[in-house]
Amino acid sequence: MVQRFLAILLILAGLGGIGFGIATATVLRDSDTVVATATPSGDGTMVVTDPGVLGLVDDQVTVRATVPEGQKVTLALGSDVDVLGWVGSDPYDSVTGLSSWETLSVAPGTPAATDDEEAEEAPAEKPTTGPDPAGSDMWISETSGEGVASLRWTEQPGRVVLLAAGVGKGAEAPTLELTWPRPVTTPYLWPGVLGGGFVLILGVFMLLGSRRKKGKGKGGSTSAVRTRQSSPELPRRDAVFGVDGGEADQHPEEPRGGFPPAPGGAPGDAPDGGTAVFPPAAPERPGRARPEPGTPRPGTQRPGAPRPGRPDPGTPEPTEDRTQAWGAPAPFGGAAPIVPAPEPAPAPAPVAAPAASIRGMRRSRRSQGPGAPAPAAPVQSAPAQFGGAVPEHTQPAPARPAAPAPAEADTAASGKPMTRREMRMREQAQRRAATGAMPAVPAAEPQPEPEQETPSSRAAAWRQTWGVTGNDDGGNR
Amino acid sequence: MRRTTTRSMAVVATLLATGLLAGCAEELPVPKPEAPVAAAVVSQSQERKILDKVSGVVEGVTKSSDADSLAARLSGPALAIRETQLKVAAARKDKEPLTDLAMEMQQVILPSDQEWPRTSFAITVQPKDLTTPVLMAFNQSSAREQYKMWGWVRLLPGVTMPQFAEADLGSAAVPANDESLKMTPQSAVEQYASVLTVDKDSKYAGNFADDDLRQFFRDYGKLQVDAINKEDCKGAFEVAYEPTKDPVKSVRTADGGALVMAAMISKETITAKEEGCEIGPPTKTTQALWGDADVTNVVEVNYKDMVAMYVPPKDSEDQVSLVGYEHVPWSVSNG
């Protein structure tokens, strides 16, 4: 019970965290600008900012000074020495920084060290006339206005300060308003959402846990779920093998027709039923499997690829049929003999399978070398098919039988991209070969591509390279 | 079960606490001013603006001959000399007496002192009339004053100017009584006045290198005397220099010496001692200034002068040397 309560608490906290995270990026988001106002203390007619105040929040600052209606105000920017020198012994207000995000702190300025007499005289003079700093050679920038003046300034190296002066008879110190743009960050958005999500999930699991405990007595649903999950996996493997086997036995076209649709549906539906089998199967098959997962794979890729070749060399060899499951070996043609190895491998140990298949591939390639002339023809046809298939790697197989001719045009177009891809694949494969990780996958992918694109010579060369990498992988393993 | 519950409670509490703490507000920024650095108090771009303003006034007055407007951007000796030049130019009805003050600078020497008065110097490129470059001084007497041209000299032909600190760093002003120099700027000016007056006979002559100005007076005096002696009138020529009360402006050079600029006045007297001889004004300018005064055996010409000297540091073996001068006649009399 307590656990359930905690779980709910966590879920609420998680939701709250997510909500807070989002809120900080939306409704609670800070303003894009900081506007701070300095109200003069009433002593003197001038307001001076301390060095560094102008660049307090951002390098860009907009200064706005207002004085009562009908009076003149002058804003000037200069080095602190110049400004304070200009102010001299007159009383002024000093803006020392922010006292809050909306207000500037103001303090009476320290009059420049001058003769005592002057300092004493100054206060007496102050009410009469506000001196006008406008026009001095020392200012970096200045502006004057009736009632209001504003100035933009981008902070530069140096100790630049602002002098704002009410000018003329009965002048008062202006009210200063500094506006900076502020880069608004939303630091709590992702921590909030992710942390909240985590807490939420934690809560959900806790809740489920508590239910399970309760359910145990009743024969709860959770157990059922588990069984469901596990059960589909097993059948999947079976199904795969079955499929492969079936393909092998059947004519190439038939299996495609039958199987492709099923797998096609499978990836999406995977979780539900037998179709789901493919995704798991695919990883197991590593090399060849990859293309396969696409969909048509059982019939299409490997089997498909080999088939085109097979008609000539392939047919005589029975092994090919066995290999079909692996697809990859088959395409390489007569060489398939080693196929038997791959077959067993896939079923028992997925990992082992790729290696086996690779070996098979090598051999087949080597054998192809001599037999080149014969395979060449099929290869060419193959590219055409692939060309058509290009959008989906897996599909090539179905395409071949259907339309070699139309595909040709496509191949031409597709030729260039394919080569690049080849290169990439090869690089990947080599890299992987070096690391020894995931060897099978790269091998499988490149294979179909070379065939698709290339005329025989290219394909052959390419395969050779591939064969080498494949060998290495196999050897490592 | 208890343990797990307690543990989960702890976890939840920690999570919530973290969340709350994370919500704390951003801190207010505090001004972080740059540390003050030693640099010129006038930037080069500011100096350029100042020069433009001053030269605008000078050019405007040159065209309009309205000398009253000069005061806005000229002060001290520069104002006096320019007014004189304008007067002379008006009398001569040409602009030749007017020194070319076009302010295209080849070098600026900016002040580094934060106090006022501040003085900057600048050296022009060679003027169009192929006279020598002009060394100008600008003075800001107080913070609420503008920079005004305070003086100028035409540099001597072939003179080598001392090195100054980088313009951006600024050069320090040297007080008139600075003791780090071979002689204080003030005494340099006084001694040089003596040297100009009596030349080699001055007891200070050894402190000063010979220069074009002294040579000019020798040549000019000889010319006048010779002209008078041709008539057997026993000509005599003398010149007398005297510093004005204007302050001396000095700026530190890179080697620790100083460039000293000062205003003086001078009077040259040409006399025909033989009785019965009469002489008139010797030059075109003095003739223009002469007016319709009677001719006597004496001609007195009053000049307004500016001199600029390099005063080496105390331990140097160099002599004080003149780098430029301006010598403008402003009145002539028959004694």
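**View 1. Chain A as a whole.** Chain A has an accessible surface of about 20,900 Å², 59% of it from carbon and sulfur atoms (Shrake-Rupley method, 1.4 Å probe; for residues, only the protein chains shown count as cover). This is a predicted model in which local features need pLDDT of at least 70 and side-chain atom pairs count only at pLDDT 80 or more, while totals for chains, interfaces and linings use all residues. Residues are numbered from 1 along each chain as its sequence is written, chains are lettered from A and ligands numbered from 1 in the order in which they are written, and side-chain values use heavy atoms, with hydrogens and water left out. Of the 477 residues in chain A, 48% are buried (under 20% relative accessible area, 1.4 Å probe, protein chains only).

**View 2. Helix α3 of chain B, residues 76-92.** From first to last C-alpha, the 17 residues of α3(B) reach 24 Å, close to the expected 24 Å (1.5 Å times one less than the number of residues; helices are DSSP runs of H or I, at least four residues, numbered from the N terminus). Its buried residues include B:Leu79, B:Arg82, B:Leu86 and B:Ala89. The buried residues of α3(B) pack against elements of chain B including α2 (44-64) and β4 (148-155) (contact: heavy atoms within 4.5 Å; strands: DSSP runs of E, at least two residues).

**View 3. Helix α4 of chain B, residues 185-198.** Among the buried residues of α4(B) are B:Pro185, B:Tyr192 and B:Leu196. The partners of its buried residues include α5 (212-230) and β5 (235-243) of chain B. Just after α4(B), B:Asp199 takes a positive phi of about 55°.

Notes:
Buried < 20%, exposed > 50% of the residue type's maximum accessible area, 1.4 Å probe, protein only.
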